[in-house]
Every structure is written in C-alpha cells, then in structure tokens.
Amino acid sequence: MCSSDLVTVYSSDIKGRNDIADLGSVEKFGQLLIKRFQDRKEKTVAELRSTKERKDKTGRRYYTAELVVAARNNAQHTVVTATVDDGKIYTLVTGTGDGTWASRKEKLFTVADSFVLTTTSASAAKEPAPSQNKTPSAP
C-alpha cells in the first residue's frame, strides 16, 4: 500500500451482542454505515457499492461494505470490515481517494479480508478466561 492509504482499527462496547448478525443483515450493516458517513451540514453523500459476509476458520462472522463518500469535489472509497465478539465490536476501516481507487482496490480488499480477531489462546472458545486478551489482527 502507498503511504496515502490509511488503515484504522476501532473497538467499542456493544453489550449483549456476540455475533455481528445480532445487529442485522450485512445489507443493514451497509445502510447503517451510510447513515454514519453522511453529513447534511457538510453536504457529504455516502453511496453503498457492495457488501459481503464471510466467516473465519473458527466460525466467527465478518461483514464487509464498500462505500464511496463524496464531499464537495472530493470522493473517498472506503472499505469497512467488522465483527462482534463477547460484547465488543471490532471494526477495520481502510480507503483511498477516487483517483487511486482503481490501482489500489485489490490491495485494500485484501487488507479488509485478512482482518481476523484472534485470542492469546484457543480462538474458538465461547467464553475465554479473563486473562485472554482479544486482539484484532491485520497485515
């Protein structure tokens, strides 16, 4: 990736949820992102281009959405991948400008698709011990 590409990982509490599907379908996830990225005051418009769902080898579900966010004369392509586990949502966000999207699209989707949640011990454990720290992983 080029130095102008950005990859950010966020986590936040989402109590009572243990699967991204608890938030709805992958399409609903994409619509929620549109609402989050749009800003009427700034005249920012978000368009959902694609969504997909995948599972890692432990069966954990991930949602990915591609958005184009446009404000004034600038468009940004954004790829968001998220998963939920043990009351937390983990979200990877990456993207690039409209002018470089065609040449970087494949790499950015590779980053998004490689995002997996790992634990310091058995990844498939439903209720990890308090000493097991979950950490998101991306290349």
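Helices (H or I, at least four residues) and strands (E, at least two) are DSSP runs, numbered from the N terminus. This is a predicted model, in which local features need pLDDT of at least 70 and side-chain atom pairs count only at pLDDT 80 or more, while totals for chains, interfaces and linings use all residues. Residues are numbered from 1 along each chain as its sequence is written, and side-chain values use heavy atoms, with hydrogens and water left out.

Let me turn to the helix.

Next, the pocket. On a 1 Å grid over the protein atoms alone, a pocket is an open set of points where a 1.4 Å probe fits, with protein on both sides within 12 Å along at least five of seven lines; lining residues have an atom within 4 Å of a point. Which elements each supply at least two residues of the lining of the largest pocket? They are strand S1 (6-13), H1, S4 and S5. H1 gives the most, with 5 residues. Of the 15 lining residues, the closest to the centre are Phe29, Leu33, Arg36, Ile89 and Thr91.

Finally, Tyr90 is found in strand S5 (residues 88-97). Tyr90 is buried, with a relative accessible area of 6%. Its C-alpha atom is separated by 9.7 Å from that of Phe115, 25 residues apart along the chain.

How values were computed. Buried < 20%, exposed > 50% of the residue type's maximum accessible area, 1.4 Å probe, protein only.
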